[in-house]
Amino acid sequence: MAPPDHYFSSEPGSGYVPREITVRLAGEDRVLTSAPGVFSPERLDAGTSVLLSHVPAPPPGGNLLDLGCGWGPIALSLALESPHATVWAVDVNQRALDLVRQNAARLGLDNITACTPDHVPTDVRFMTIWSNPPIRVGKNELHSMLSMWLPRLEVGTDAWLVVQRNLGSDSLHRWLQAEFPDDLAVTRAATHKGYRVLRARRRSGSGLTEPISVIPEAG
């Protein structure tokens, strides 16, 4: 069981002590708010930095997903780069979601919806998914999470996942290929600073079965 202040706890046990951090998103330095009890509260973590520097520009419209958003660097980047899109920032950590909302307001962004997985309508489909997934929740939870969200890609669109090589990026790559052999084309898009960026493209004519019920990302 995760400690009460772990970043994938729904209610962190550590005290709420907000702090300002400066990070570079969408080509500019941004002053944002973070706090203990969320993932990488003091800085833009290396994995997210690698992801943001190795993905193409996001689609200009439609629904875009940041899966496991933390305090929001991926969701904020998507919203800044695609102001006419709807960005879903999804996490189980309520403090993280509050921080995303604060940071979106601070940047004047009104196209981000920060919510828990069960508050995303089941009929929403995504033009892209960007994620630094919570590997430390455990393999079973991680696989359940990806099995829930990857089927919600629109046909012909991509999910981009960044995973540290020594935390199982290659085994995740193999699992994705085995789990969705006819439906997702999974490739290694980049390797940088010990991280892999995996690209999972929803094939045209895919027979992928879409989920009916919502599976929580983490306990």
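Let's start where two helices meet: L142, H143, L146 and S147 of α4 touch L172, W175, L176 and E179 of α5, where contact means heavy atoms within 4.5 Å. Sorted by class, this contact of α4 with α5 has five nonpolar, two polar and one charged residues. In that sorting, Ala, Val, Leu, Ile, Met, Phe, Trp, Tyr, Cys and Pro count as nonpolar, Asp, Glu, Lys and Arg as charged, and the others, Gly among them, as polar.

Before going on, a word about the model itself. It is a predicted one, in which local features need pLDDT of at least 70 and side-chain atom pairs count only at pLDDT 80 or more, while totals for chains, interfaces and linings use all residues. Residues are numbered from 1 along each chain as its sequence is written, and side-chain values use heavy atoms, with hydrogens and water left out.

Back to the helix pair. The axes of α4 (residues 139-149) and α5 come within 12 Å and cross at roughly 45 degrees. Here the axes are lines fitted to C-alpha atoms, for helices over the stretch in contact, and angles run from 0 to 180 degrees between N-to-C directions. The two helices α4 and α5 are therefore oblique to each other; angles under 35 degrees count as roughly parallel, over 145 as roughly antiparallel, 65 to 115 as roughly perpendicular and the rest as oblique. The crossing of α4 and α5 is right-handed, a term used when the near helix is turned clockwise from the far one by less than a right angle, with anticlockwise being left-handed.

Now look at a residue of α5, a helix that spans residues 169-179. S169 has 0% relative accessibility and so counts as buried; buried means under 20% relative accessible area, exposed over 50%, and partly exposed in between (1.4 Å probe, protein chains only). Leaving aside residues up to four places away in sequence, S169 touches V163, Q164, R196 and L198.

Helix α1 (residues 46-54) packs with helix α2 (residues 73-81) at an angle of about 20 degrees, their axes 10 Å apart. That angle makes α1 roughly parallel to α2. Here too there is a right-handed crossing, with α1 passing α2. The contact is made by T48, L51 and L52 of α1 together with P73, I74 and S77 of α2. By class, α1 and α2 bring together four nonpolar, two polar and no charged residues. Beyond residues up to four places away in sequence, S77 touches L25, A26 and L52.

Next, a strand. A200 lies in β9 (residues 195-202) and counts as buried at 2% relative accessibility. Not counting residues up to four places away in sequence, A200 touches L153, T157, D158, A159, L184, A185 and V186. The C-alpha atoms of A200 and T128 are separated by 9.9 Å, although the two residues are 72 apart along the chain.

Finally, step back to the whole chain. There are five helices and nine strands, which are DSSP runs numbered from the N terminus (helices H or I, at least four residues; strands E, at least two). Along the sequence they follow the pattern β-β-α-β-α-β-α-β-β-α-β-α-β-β. Of the 219 residues, 52% count as buried. Among contacts between residues at least 6 apart in sequence, 69% join residues at least 24 apart.
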